[in-house]
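Here is a short briefing for a reader new to this structure. Keep the sequence and the 3D view at hand while reading.

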Amino acid sequence: MDFDRYLKKNVFEVCSMDETGYYELDRLPAKCANNYIYCDDTKDYRTNIFSVDAKGTGAGGAFITVRDIVRFWTGLSEGKLISKAFVSDMISRQSGDGIDAEEGYYGYGLWIIDNPADEDFAYFQGCDPGVSFMSAYNPNNGMISVLVSNYGDNVWRKMRKIRDVFY
């Protein structure tokens, strides 16, 4: 089965992620945002259409919405995708030395941020030219944070501020 169809059937549909998918760049669904890259030579923006793959792969390129990422975390934490026991392992430290506060630990498919007061926070991220994304989950209070930029802005710095205030 093709990678994108497998994810659609086994992840996106299971979690009711109706606005997420892997689309060809010349067949984007309605309301899909363009992504932009700043060009130093022209002091202007251009779309990223010639800077990314024509269709996403396992290395990235999914089109997502904030609402669907919340649905993903909810489905994951409720055990819709894998067992709750494995989710617990997934969001726990499996490797790393903790030297870097944000990239010092890794779970199964997720980065882990040390939280000395309680359970650690888990997050995943992605970027392409003109796109940046980060989503974090706090298992202590169920808070889910999602930041998506179609200008490639620094979502990491903004997520740190969110964690400082709300987590």
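Lys43 lies in the loop between S1 and strand S2 (44–47). Lys43 is not a glycine, yet has a positive phi of about 55°. The residue is exposed, at a relative accessible area of 59%. All of this is read from a predicted model. The mean pLDDT of the protein is 92, and 100% of its residues reach 70 or more.

**Confidence**
- Confidence is highest in H2, at a mean of 97.
- Confidence is lowest in helix H4 (residues 155–166), where the mean is 89.

**Loop residues between H1 and S1**
- Ser16 lies in the loop between H1 and S1.
- Ser16 is another residue other than glycine with a positive phi, here near 60°.
- Ser16 counts as partly exposed, at 37% relative accessibility.
- Asn35 lies in the loop between H1 and strand S1 (36–39).
- Asn35 counts as buried, because its relative accessibility is 14% and the cut-off for buried is under 20%.
- Beyond its neighbours within four places in sequence, Asn35 is in contact with Arg46, Thr47, Asn48, Phe63, Gly130, Val131 and Asn150.

**Phe12 in helix H1**
- Phe12 sits in helix H1.
- Phe12 counts as buried, at 9% relative accessibility.
- Setting aside neighbours within four places in sequence, its contacts are Leu7, Met17, Thr20, Gly21 and Tyr22.
- Phe12 and Arg71 are 59 residues apart along the chain, and their C-alpha atoms are separated by 9.0 Å.

**Helix H2**
- Helix H2 covers residues 66–77, which makes 12 residues.
- From its first C-alpha to its last, H2 reaches 17 Å, close to the 16 Å expected at 1.5 Å a residue.
- Which residues of H2 are buried? They are Asp68, Ile69, Phe72, Trp73, Gly75 and Leu76.
- Seen down the axis of H2, these buried residues fall within an arc of 165°, so they line one face of the helix.
- In an α-helix, residues three or four places apart point the same way, because there are 3.6 residues a turn.
- Just after H2, Gly79 takes a positive phi of about 80°.

**Helix H4**
- The 12 residues of H4 should span 16 Å at 1.5 Å a residue, and the end C-alpha atoms are 16 Å apart, which agrees.
- Val155, Met159 and Arg163 are buried in H4.
- Seen down the axis of H4, the buried residues fall within an arc of 80°, so they line one face of the helix.
- On the other side of H4, Lys161, Asp164 and Val165 are exposed.
- What covers the buried residues of H4 includes S4, S5, S6 and S7.

**Strands S4, S5 and S6**
- Strand S4 (residues 111–113) pairs with S5 in the antiparallel sense, over 3 bridges.
- Ile113 has Phe121, in S5, as its bridge partner.
- S5 and S6 run antiparallel and are joined by 7 bridges.
- Tyr123 has Ala136, in S6, as its bridge partner.
- S5 and S6 form a hairpin, with 2 residues between them.
- Gly130, in the turn of this hairpin, has a positive phi of about 85°.
- Gly130 is also one of the residues in contact with Asn35.

**Cysteines**
- How many disulfides does a search of the whole structure find? The search finds 0.
- A disulfide is a covalent bond between the sulfur atoms of two cysteines.
- The sulfur of Cys32 is 18 Å from the closest cysteine sulfur, in Cys127, which is too far for a bond.
- For Cys127, the closest cysteine sulfur is in Cys39, 17 Å away, again too far for a bond.
- Cys32 counts as partly exposed, at 25% relative accessibility.
- Cys127 counts as exposed, at 56% relative accessibility.

How values were computed: Residues are numbered from 1 along each chain as its sequence is written. This is a predicted model: local features need pLDDT of at least 70, side-chain atom pairs count only at pLDDT 80 or more; totals for chains, interfaces and linings use all residues. Side-chain values use heavy atoms; hydrogens and water are left out. Helices (H or I, at least four residues) and strands (E, at least two) are DSSP runs, numbered from the N terminus. The expected span of a helix is 1.5 Å times one less than its number of residues. Buried means under 20% relative accessible area, exposed over 50%, partly exposed in between (1.4 Å probe, protein chains only). The arc is that of the directions from the helix axis to the C-beta atoms. A disulfide is a pair of cysteine sulfur atoms within 2.5 Å. pLDDT is the predictor's confidence in each residue, from 0 to 100. Contact means heavy atoms within 4.5 Å. Two strands pair if DSSP finds at least two bridges between them.
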